[in-house]
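Have the model open as you read.

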Amino acid sequence: MSLASLAAVACVSAALLMTELALTRIFSVVMYYHFAFLAISIALFGLSASGVFAFLRRRALDRQPTGTLLASRALVFAAATVVALFFLVRLRVGLNYSPRNLALMLVIYGLAAVPFFTGGLVVTLAISRLADRVNAVYAADLLGAAAGCLILLPLMNGVGAPGVVIAAAALAIVAALLFAP
């Protein structure tokens, strides 16, 4: 396990937290303020689903070298984040109960969960693959999350919530480069 891998884990953790918090702002604008904290449950759902997926697909995932696997999944995380943002800022839901609004909420929920699933998969795989130093990986995860919180506010003021999500995707690309063999 290298210092670059730990920095990559920190980048992914920062990107995940920045995305989650930026989504609270996006949801409060695109939908209504009532839905602002829907992002938290979406993040928890996506992160949890990635752990279940990694467990169920562990044999297939074990066939790939660690660096290649983590780098490719970090790139998928970056792409999923940008694609989800593209669609999420265009979907409008009303406050009245209707089958259309219910379906739209399910689409929004599923679409917003994809970046958390893909980013969570990177962290899950890093923890399981770098288990010989899990304490260092977990520390990098926590430091990255803290850094994500610290850079969120200046970024939010400078580029807005969608810009923060794009910056998070850029951090995921940096992580992919750091993970690459």
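## A neighbouring pair of rings

Phe87 has 40% relative accessibility and therefore counts as partly exposed (buried is under 20% relative accessible area, exposed over 50%, partly exposed in between, with a 1.4 Å probe and protein chains only). Phe86, at 43%, counts as partly exposed too. Before going on, please note that this is a predicted model, where local features need pLDDT of at least 70 and side-chain atom pairs count only at pLDDT 80 or more, while totals for chains, interfaces and linings use all residues. Residues are numbered from 1 along each chain as its sequence is written, and side-chain values use heavy atoms, with hydrogens and water left out.

Arg90 lies over the face of Phe86, 3.9 Å from the ring centre (the rule asks for NZ of Lys or CZ of Arg within 6 Å of the ring centre and within 35 degrees of the ring normal). Elsewhere, Arg58 places its charged end over the ring of Phe55, at 4.1 Å from the centre.

## Aromatic pairs

How many aromatic pairs does the structure hold? There are 3, counting rings of Phe, Tyr and Trp (its six-membered ring) whose centres lie within 6.5 Å; planes under 30 degrees apart are stacked, over 60 edge-to-face and the rest tilted. One of them joins Phe53 and Phe117 edge-to-face, with 5.4 Å between centres and 70° between planes. This pair links distant parts of the chain, as Phe53 belongs to helix α2 (residues 38–56) and Phe117 to helix α5 (residues 99–129), 64 residues apart. Helices here are DSSP runs (H or I, at least four residues), numbered from the N terminus.

Phe53 is partly exposed at 32% relative accessibility, and Phe117 is partly exposed at 25%. Phe86 and Phe87 also pair edge-to-face, at 5.1 Å centre to centre and 85° between the planes.

## Helix α5

With 31 residues, α5 reaches 44 Å from its first C-alpha to its last, close to the 45 Å expected at 1.5 Å a residue (1.5 Å times one less than the number of residues). At Val114, shortly before Pro115, α5 has a kink of about 30°; the bend is the angle between axes fitted to the seven residues ending there and the seven starting there.

## The largest cavity

Which residues line the largest cavity? They are Thr19, Leu23, Thr81, Ala84, Leu85, Leu88, Ala112, Pro115 and Val165. Elements giving two or more residues to this lining are α1 (3–30), α4 (66–88) and α5, and α4 gives the most, with 4 residues. A cavity is a set of points on a 1 Å grid over the protein atoms alone where a 1.4 Å probe fits but cannot get out; lining residues have an atom within 4 Å of a point.

Conventions
On a 1 Å grid over the protein atoms alone, a cavity is a set of points where a 1.4 Å probe fits but cannot get out, and a pocket is an open set with protein on both sides within 12 Å along at least five of seven lines; lining residues have an atom within 4 Å of a point.
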